[in-house]
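Here is a short briefing on one protein model. Keep the structure in view as you read.

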Amino acid sequence: LAATIVGIVVPIDKELHTDDVINFMNIAEAVCLLGDEKNLSPIEKNKDKLTMKDTLFLYFDKEQEENSYFNLLENGKKSYQDGYTDFDNIEIDPDSMRILLFTSGTTGNAKGVCLSQRNVCSNLLSTYGIVKVKRSDLFFSILPLHHTYECTLGFLLPIYSGASIAHCEGLRYIVKNMNEFRPSVILCVPLLLEN
C-alpha cells in the first residue's frame, strides 16, 4: 500500500519460473524486489539477466541481514525521527499509473495492465455500493493476493468496510480453516467451488 504512494507496484506470482519473473522485472524496470529467501535467491543468482543492475533485494525472512525488510523499516523510522519527513508531503496523482499487473488473460501471452489509484478505488467503491459488507463480516482469503480480484475485493474492500480477513493456510486446509474461522464471505472462482 505504501509503495503505491512512492512508486509503482508490480505484484508477481511467487510460483512463476525465475525466467518469467526476470522478464517481468525487466519490462517493468523494477528497482526493488521483496520476498522471502526461497523466492528471491534464484533471481538474485541470475542478477546478470536484469536490466536494472542495482536492483535492491529485500528479504522478509532475513531479519539480521542488512538487506532485510525489517532493517529498512528501522532505518526509515530513524530517518523520520531525525527530521526526514518528505513522505508527509507527497502529493498523489490519482490518475497516474501505480500498479502494473501481468496477466495471461485467455491467450496465454502475458500482458501488462496499468492501473491508477482512481481505477482501483472506483472498482472498490462501486462494489461497496452493491455488496453490503458489514463490520462484523469475516472474509476468508483463499485466492492469491497478486490477483486484482482478491486484492481489491478480498483485501481492500474488507479494510475499507472495517471487516476482518482470515487467510487460508493452503488449499488442503480450506475445510479445516473454514471450520476454525467460520467466515461470512468467501471469494472464489468456479473451479474452487466445484472442487
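The side chains of Lys-78 and Asp-82 form a salt bridge, with 2.9 Å from N to O. This is a predicted model. In total, the structure has eight salt bridges.

**Salt bridges**

- Side chains of opposite charge can pair when their charged atoms come close.
- Asp-82, the acidic partner of Lys-78, has a relative accessible area of 58%. That value is over 50%, so Asp-82 counts as exposed.
- Glu-169 and Lys-176 also meet through their side chains, at 3.5 Å from N to O.
- Lys-176 has a second salt bridge, to Glu-180, at 3.2 Å from N to O.
- Glu-169, Lys-176 and Glu-180 are therefore linked in a network of salt bridges.
- Glu-169 is exposed, at 52% relative accessible area. Lys-176 is partly exposed at 41%, and Glu-180 is partly exposed at 44%.
- Where do Lys-176 and Glu-180 lie? Both are in helix α7 (residues 174-181), four residues apart, or about one turn of the helix.
- An α-helix has 3.6 residues a turn, so residues three or four places apart point the same way.

**Two crossing helices**

- Helix α5 (residues 117-130) and helix α6 (residues 148-161) have axes that come within 10 Å. The axes cross at roughly 70 degrees.
- Angles of 65 to 115 degrees count as roughly perpendicular, so α5 and α6 are described that way.
- On the α5 side, the contact includes Val-120, Leu-124 and Tyr-128. On the α6 side, it includes Leu-153, Leu-156 and Tyr-160.
- Several residues of α6 are buried, among them Gly-154, Leu-157 and Pro-158.
- What do the buried residues of α6 pack against? They pack against α5, β5 (138-141) and β6 (164-167).
- Just after α6 comes Gly-162, with a positive phi of about 85 degrees.

**A nonpolar patch on the surface**

- Val-6, Phe-87, Ile-90 and Ile-92 make a nonpolar surface patch of about 350 Å².
- Val-6 sits in helix α1 (residues 3-6). Val-6 is exposed, with a relative accessible area of 55%.

**The whole protein**

- The protein has eight helices and seven strands.
- Its C-alpha trace spans about 45 × 40 × 35 Å along the principal axes.
- Of its 195 residues, 27% count as buried.
- The accessible surface is about 13100 Å², and carbon and sulfur atoms account for 55% of that area.
- Among contacts with a separation of 6 or more, 55% join residues 24 or more positions apart.

Note on methods: Residues are numbered from 1 along each chain as its sequence is written. This is a predicted model: local features need pLDDT of at least 70, side-chain atom pairs count only at pLDDT 80 or more; totals for chains, interfaces and linings use all residues. Side-chain values use heavy atoms; hydrogens and water are left out. Patches are made of residues with over 30% relative accessible area and no salt bridge: like charges are joined within 9 Å, nonpolar side chains (Val, Leu, Ile, Met, Phe, Trp, Tyr) within 5 Å. Accessible areas come from the Shrake-Rupley method with a 1.4 Å probe; for residues, only the protein chains shown count as cover. A salt bridge is a side-chain nitrogen of Lys or Arg within 4 Å of a carboxyl oxygen of Asp or Glu. Buried means under 20% relative accessible area, exposed over 50%, partly exposed in between (1.4 Å probe, protein chains only). Axes are lines fitted to C-alpha atoms, for helices over the stretch in contact, and angles run from 0 to 180 degrees between N-to-C directions. Angles under 35 degrees count as roughly parallel, over 145 as roughly antiparallel, 65 to 115 as roughly perpendicular and the rest as oblique. Contact means heavy atoms within 4.5 Å.
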